[in-house]
Amino acid sequence: MPLLLGAPLMVCLAWFGGAERLPLGLLATLLLVFVWRFADGVPNYQRDVTAGALIAVYVPFLGSFAALLAYPADDGSVRVLVTVLAVVLSDTGGYATGVFLGKHPMAPSVSPAKSWEGFAGSIVWTGAGSAIALPLLLDDAVWWHGAIFGVAVSIASVLGDLGESLIKRDLGVKDMSNLLPGHGGLMDRLDSVLLALPTAYAVLAFLVPWNPS
């Protein structure tokens, strides 16, 4: 229940209050998790609140950066679009390069299919694609803004994918949910995006600041 209440709270605070208010939503959610869990007694308290804190940070907090990217501005929707495009380029470029050139496993105990060649392909594809996309879609962006943006988002996407795979290995499960069977569950479609969102927000805030509407 605290997570069901805290998730929309974080999104709303991000949208209406900006980056300054989002941490307040996370703090309120964590406090509610700690207090709410007391009702079930002391046994496994530390385990349960730790799991609740992980979920609160991993999904709604990181996901709320999508609202910050689109935070009332003329080009907010475009910033979300280029972020999603960069994640798609990273996943597609890494997969294609890994299939044809992958020889050296990147993290065999976590994700056997990932290779260093695929990782390099992700960075190259995303950097090149974003170097073209950002100047076309964002008024104040130039090609090197896009290249830096693409490299940063690609690295974050790969780390997000590996992080979710590590959690699955630790839990001993193949899929994170029953949704999208055969794809690892819904989280396998979100893992790269969740870590890419705050990365994209930080890079764009530095290189191409918002133009308030």
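A crossing of two helices is called left-handed if the near helix is turned anticlockwise from the far one by less than a right angle, and right-handed if it is turned clockwise. Helices (H or I, at least four residues) and strands (E, at least two) are DSSP runs, numbered from the N terminus.

The structure is a predicted model, in which local features need pLDDT of at least 70 and side-chain atom pairs count only at pLDDT 80 or more, while totals for chains, interfaces and linings use all residues. Residues are numbered from 1 along each chain as its sequence is written, and side-chain values use heavy atoms, with hydrogens and water left out.

Helix H6, made up of residues 116–137, has 22 residues and reaches 31 Å from its first C-alpha to its last, close to the 32 Å expected at 1.5 Å a residue; the expected span is 1.5 Å times one less than the number of residues. H6 bends by about 25 degrees at serine 130, the bend being the angle between axes fitted to the seven residues ending there and the seven starting there. Serine 130 is also among the buried residues of H6, which include Phe119, Thr126 and Leu134; buried means under 20% relative accessible area, exposed over 50% and partly exposed in between, with a 1.4 Å probe and protein chains only.

For helix H7, the 29 residues should span 42 Å at 1.5 Å a residue, and this agrees with its end C-alpha atoms, which are 42 Å apart. Just after H7, glycine 172 takes a positive phi of about 75 degrees.

The table sets out two helix pairs, with axes taken as lines fitted to C-alpha atoms, for helices over the stretch in contact, and angles running from 0 to 180 degrees between N-to-C directions.

| Pair | Angle | Axes |
|---|---|---|
| H6 and H7 | about 140 degrees | 7 Å apart |
| H5 and H7 | roughly 65 degrees | within 9 Å |

H6 passes H7 in a right-handed crossing, and the crossing of H5 and H7 is right-handed. Contact means heavy atoms within 4.5 Å, and among the residues that meet between H6 and H7 are Phe119, Ser130 and Leu134 in H6 and Trp143, Phe149 and Val158 in H7. By class, this contact of H6 with H7 has 11 nonpolar, 8 polar and no charged residues; Ala, Val, Leu, Ile, Met, Phe, Trp, Tyr, Cys and Pro count as nonpolar, Asp, Glu, Lys and Arg as charged, and the others, Gly among them, as polar.

On the H5 side, Val82, Thr83, Ala86, Val87 and Ser90 meet Phe149, Val153, Ser154, Ser157 and Val158 in H7. The residues of the contact of H5 with H7 divide into 6 nonpolar, 4 polar and no charged.

**Two buried residues**

Serine 157 lies in helix H7 and, at 1% relative accessibility, counts as buried. Leaving aside neighbours within four places in sequence, serine 157 is in contact with Val87, Ser90, Ser192 and Ala196. Serine 157 and leucine 195 are 38 residues apart in sequence, with their C-alpha atoms 6.2 Å apart in space.

Methionine 10, placed in helix H1 (residues 2–17), counts as buried at 0% relative accessibility.
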